[in-house]
Amino acid sequence: MVVQKFGGTSVADPAAIQRLIEIVGAARARDRRPPAVVVSAMSGVTDMLLAAATGAAAGHVQEALAGVTQIRARHLEAAQALAPGEAPLLDAIADQCDQLVSIVQALAVLRDVSPRTLDAVAAIGELLSSRVVAAALTHAGVAAEWIDARSAIVTDATHTCAVPRMAETRAALQRSVVPALDRGRVPVIGGFVGATADGHTTTLGRGGSDYSGALVGAGIGAREIQIWTDVDGMLTADPRVVTGTRVVPVLSFAEAAELAYFGAKVLHPSTILPAVEEGIPVRILNSHKPDGEGTRITADGTADGTPVTALACKRDLTVIDVTSSRMLMAYGFLRQVFEVFERHRTAVDVVTTSEVSVSVTVDDRRQLASIISALGALGTVAVEHDMALLCAVGDRLPREPGTSARVVAILEEVPLRMISQAASRRNITVILRQDDLPRAMGRLHEELFG
Ligand code: ADP
Ligand code: ASP
Ligand code: MG
C-alpha cells in the first residue's frame with residue numbers, strides 16, 4: 001500500500017479536494033489495500049491560526065476573532081460542497097471553531113501565549129481539513145475514516161518543533177490506522193500534528209505534514225510515500241527565484257536530504273529520515289497533473305546525469321565572524337565557540353575557519369544578542385544580516401573534481417562571503433548577500449542546466 005500526503009494547496013478548496021478524491025480513488029481501485037491519506041491544513045490556515053493566537057495575546061482580539069470566523073466559513077463551505085447534509089461533520093467543525101474562540105478569548109485576557117497553547121491552536125488547521133477530506137471521500141464513494149493525529153503520532157514535549165518517538169508512534173499507528181486499513185477504509189490523518197504520551201497536542205514544525213506522511217509510511221511499512229504538491233516534483237532550482245527550471249526525475253535519499261535542508265521547501269528536511277530507515281521510496285507529484293512521473297527519491301539515486309543534480313537556496317541568514325589571535329596554534333578554541341551556540345540552542349548551518357577566525361551562519365536569530373555577547377569574551381565579533389546560502393547538490397560531484405572550480409568561476413562577479421565543500425563532497429555551498437541571490441542562482445542554473 002501507499003501513503004499519500006497532500007499539501008495545503010492540494011486541499012485548498014472544493015476543487016482541489018475533488019482532485020484529491022480522484023487521486024485517492026485511483027489508488028484505492030489499483031491496490032489491494034487502501035492508501036493511507038495524510039493532509040495539511042487548507043493553504044493559509046496555519047498562518048491565520050498562528051496570527052490569531054499571537055494577535056489575541058497582543059490584545060488584538062477583534063482581528064483574531066475575525067480570523068476564526070473566516071476559518072469557520074471556509075471549512076463549512078467546503079463541507080457543504082463536498083459532503084452536503086453531513087451533520088456530524090458540520091457539528092465537528094462548529095465544536096472545533098467554538099473551542100478556538102474560547103482559546104482566543106482566554107489569550108486576550110492572559111495577554112500571553114505559551115508554546116503549548118500555540119500548538120493547540122496551530123493543530124486545528126489539520127484537525128479540520130482531515131475531517132472535511134475524510135467525509136468528502138466517503139461521500140464520493142471512497143469509504144474513509146477520520147483518524148485523530150493525536151492518537152497516531154507520539155512525540156516528545158518540545159512544543160512547536162516536537163520530535164516523534166518512533167517506537168511509540170509505530171504502536172499507536174497499529175491501534176489507529178491499521179484497523180481502518182483492515183476494514184478496507186481509507187484512513188485520513190491530519191499531518192503536522194501529534195501528542196505527547198500524556199496527551200498534550202504538539203506540532204512537528206512548519207511544513208511538518210511531509211514528515212507525518214513519512215512517519216505513517218515507515219510505521220505501517222508502506223511500499224511508497226507520495227508527496228502531492230503544486231509543482232511537478234523536485235525542480236533543478238527554486239522556481240520562485242529562477243525561471244526555466246526542470247524536474248529532477250530521480251534523486252538519492254542523501255541528495256534529497258541536503259536539498260531539503262538547504263531550502264528546497266517542497267520537502268520537509270526530516271521527511272527523508274523515516275524513509276531511509278525503512279528503505280521506502282518517496283515520490284513528489286503534482287496534484288494538478290496526476291499522470292506526471294514526478295520525482296522519485298530512492299536509496300541509490302541514479303548513476304547518470306549532470307554532476308550537479310539541483311540547486312537550493314535559503315534566505316535570511318546571519319553570518320557571525322569571531323576573530324582572535326588566541327586561536328593561532330591553540331586547541332580548544334572552536335569548542336568554546338560552538339559551546340556558545342549549544343548553550344543557546346541555536347543551530348549553525350555553514351562553518352568556515354582560517355587560522356585566526358571562524359565564520360558561521362545561523363537562521364534562528366532569537367538568541368542572537370546573547371550569543372554575540374558571549375562570543376565577545378572569545379574574540380572580536382562581526383555580524384552581517386540579510387545573507388543567503390546557495391548550494392549545488394549532486395552525488396556525482398566527487399567524481400567530477402572540476403565542478404567546484406566551475407561553480408566558483410561562474411559566480412566570479414558575485415562577492416562570495418564564504419565557500420564550503422562538505423566531507424560528503426555532495427554539495428558546494430556559498431554564502432552571499434541576499435540581494436545577489438537571484439542573479440547568482442540564475443547564472444548558475446543557466447550554466448549548469450541551461
Ligand atoms: P505543500 O503545501 O504542498 O507542502 P510547499 O509550499 O510546502 O507545498 O512546497 C512546494 C513549493 O516549494 C513549490 O510551490 C515551490 O515554490 C517551492 N520550492 C522551492 N524549491 C523547490 C524545488 N527545488 N523544487 C520544487 N519546489 C520548490
Ligand atoms: N500546515 C502546516 C504548515 O503550514 C504544516 C504543513 O502544511 O506541512 O506549516
Ligand atoms: Mg510543504
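This is a predicted model: local features need pLDDT of at least 70, side-chain atom pairs count only at pLDDT 80 or more; totals for chains, interfaces and linings use all residues.
Phe262, by contrast, has a relative accessibility of 9% and so counts as buried.

## The aromatic pairs

Two aromatic pairs are found in the structure. In one of them, the ring centres of Phe6 and Trp228 lie 6.0 Å apart and the ring planes meet at 10°, so this pair is described as stacked, because planes under 30 degrees apart are placed in that class. The pair links distant parts of the chain, for Phe6 belongs to strand E1 (residues 2-6) while Trp228 belongs to strand E8 (residues 224-229), and 222 residues separate them. Phe6 is buried, with a relative accessible area of 0%, and Trp228 is likewise buried, with a value of 5%.

The rings of Tyr261 and Phe262 also form a pair, with their centres 5.2 Å apart and their planes at 75°, so that this pair is edge-to-face, because that class holds planes over 60 degrees apart.

## The surroundings of ligand 2

The residues that surround ligand 2 are Ser40, Thr46, Glu126, Phe192, Arg206, Gly207, Gly208 and Ser209. When this shell is sorted by class, one residue is nonpolar, five are polar and two are charged.

Several of these neighbours place polar atoms beside those of the ligand. A polar side-chain atom of Glu126 lies 2.6 Å from a nitrogen atom of ligand 2, whereas the contributions of Gly208 and Ser209 come from the backbone: a polar backbone atom of Gly208 is 3.4 Å from an oxygen atom of the ligand, and a backbone N or O atom of Ser209 lies 3.0 Å from an oxygen atom of the ligand. Taken alone, ligand 2 exposes 270 Å², and the protein buries 85% of that area.

## Cysteines and disulfides

A disulfide is a covalent bond that joins the sulfur atoms of two cysteines. How many disulfides does the structure hold? The number is zero.

Cys161, at 43%, counts as partly exposed.

Terms used
Residues are numbered from 1 along each chain as its sequence is written. Chains are lettered from A and ligands numbered from 1 in the order in which they are written. Side-chain values use heavy atoms; hydrogens and water are left out. A residue is near a molecule or strand if one of its heavy atoms lies within 4 Å of it. A polar contact is a pair of N or O atoms within 3.5 Å; within protein, one must be able to donate a hydrogen and the other to accept it, and residues adjacent in sequence count only if both atoms are side-chain atoms. Accessible areas come from the Shrake-Rupley method with a 1.4 Å probe; for residues, only the protein chains shown count as cover. Ala, Val, Leu, Ile, Met, Phe, Trp, Tyr, Cys and Pro count as nonpolar, Asp, Glu, Lys and Arg as charged, and the others, Gly among them, as polar. A disulfide is a pair of cysteine sulfur atoms within 2.5 Å. Buried means under 20% relative accessible area, exposed over 50%, partly exposed in between (1.4 Å probe, protein chains only). Rings of Phe, Tyr and Trp (its six-membered ring) pair if their centres lie within 6.5 Å; planes under 30 degrees apart count as stacked, over 60 as edge-to-face and the rest as tilted. Helices (H or I, at least four residues) and strands (E, at least two) are DSSP runs, numbered from the N terminus.
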